[in-house]
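Subject: Structure handover

Hi there,

Here is the structure I promised to pass on. My notes on salt bridges and nonpolar cores follow below it.

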Amino acid sequence: MSKKIFSGVQPTGNLHLGNYLGAIKNFVELNNDLENDCIFCVVDLHAITVKQDPKELKNNIRETVATFVACGINPKKSIIFSQSSVPAHSEGAWLLSCVARMGWLNRMTQFKEKAGKDKEKASIGLFSYPVLMAADILLYDSTHVPVGEDQKQHLELCRDIAQRFNNEYKVDNFFKTPEPLIQKEFSRIMSLKDGTKKMSKSELSDLSRINLTDDKDLIVNKIKKAKTDPLPLPSSLDELRERPEAKNLLGIYSSLLNSTMSKSISEFEGKNFSEFKEKLSEVLAEKMDPISKEIKKLMNEKRFLDEILLDGYKKAYEISFLKIKKMHEIIGF
Ligand code: AQP
């Protein structure tokens, strides 16, 4: 069955292996299926919920497009655009924020994590982030949203907002309730320095993540320094429960090879980490080095990247404008 796919990535720099294995790898597979209509958005409005340097932001927007293409997304077969270029996203977010409830947003764990202890100082944008995300998805009648595990709660909120709008205005099925597409295994890649923390762009230590622009030598070095534990590699899934770093590294290895955790465990059971890390570095470098090289090459082709964004903008504008127009009629404007 054909799917309408929508997903976004924030142009906040340092796109990493977690973004790739948790989301972008899935985008590529969905994009390769001829039956699917795919929209991939550079969500720059989301990015400014925390302070961004204007020059860096501009560069990061292009780098996100370059990353999409370098990872294998075909811009001819999907719509790639920046969120800020299409005004319907901001407007849709406002219209939906009048339907969403404070209580729902108060439950969002990502806000709690990102705002930290001093919630009063967090931007309103950071708090209402999931409403903008709901607008992004709902404007295109998306049926499926490929995301990492950390976005599951926001997707559930998006479904609640869609249903509430449909019920409140008595417009059955006006907004489709989209399904999350979350990888069954390896949907949450953890930091190389702490297996209990998500691999993240904003983590200060660069050694905590593999950036998609890292070259082979850097990858090998980061894996060498990745945190492990003193035991040999486990012989069963059960043993991994209390060993987050071993679980994460074996997960990365399995995901890169499209294999399973059980297979990786039997390949390395009883071996020491140095042997496993050597193999992991080899696989990582083989898969990621070509992507890193391609991103760097594409970053010298600014016109090509800008044309992708312009073409995507035209297509996204047309679809979202019609949806907003219908929302206006329903609401009574
Ligand atoms: N560690 C991760 N494991 C699996 N999936 C991940 N994603 C992010 N981190 C991981 C998924 O990547 C997609 C794009 O993410 P984003 O650009 O919207 O930003 P994010 O989730 O805020 O990424 P970071 O790295 O975690 O940024 P900071 O440091 O700002 O918190 C999403 O589908 C996400 O699930």
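Aspartate 150 and lysine 198 form a salt bridge, with their closest N and O atoms 2.8 Å apart (the term stands for a side-chain nitrogen of Lys or Arg within 4 Å of a carboxyl oxygen of Asp or Glu). Aspartate 150 sits in the loop between S4 and helix H8 (152-168) and lysine 198 in the loop between strand S5 (179-181) and helix H9 (216-225), so the bridge ties together parts that are 48 residues apart in sequence. Helices (H or I, at least four residues) and strands (E, at least two) are DSSP runs, numbered from the N terminus. Aspartate 150 is partly exposed at 25% relative accessibility, and lysine 198 is partly exposed at 33%. Here buried means under 20% relative accessible area, exposed over 50%, and partly exposed in between (1.4 Å probe, protein chains only).

Before you go further: this is a predicted model, where local features need pLDDT of at least 70 and side-chain atom pairs count only at pLDDT 80 or more, while totals for chains, interfaces and linings use all residues. Residues are numbered from 1 along each chain as its sequence is written, and side-chain values use heavy atoms, with hydrogens and water left out.

The whole structure holds 19 salt bridges. Another of them joins aspartate 141 to lysine 323 at 2.7 Å, N to O. These two are 182 residues apart, with aspartate 141 in the loop between helix H7 (124-138) and strand S4 (144-146) and lysine 323 in helix H13 (residues 302-331). Aspartate 141 is partly exposed at 22%, whereas lysine 323 is buried at 6%.

What about aspartate 214 and lysine 222? Their side chains meet in a salt bridge of 2.6 Å, N to O. Aspartate 214 is buried at 5% relative accessible area, as is lysine 222 at 1%.

Now the nonpolar cores (buried Ala, Val, Leu, Ile, Met, Phe, Trp, Tyr and Cys residues joined through side-chain atoms within 4.5 Å). The largest has 58 residues, and Phe68, Phe276, Leu284 and Met288 touch the most other members. Helix H12 (residues 273-298) gives this core its largest share, nine residues. At least three residues come from each of domain 1 (3-186 + 302-331) and domain 2 (206-297); the domain bounds are from an automatic or database domain assignment. Apart from this core lies another, of 44 residues, including Leu95 and Met108.

Happy exploring!
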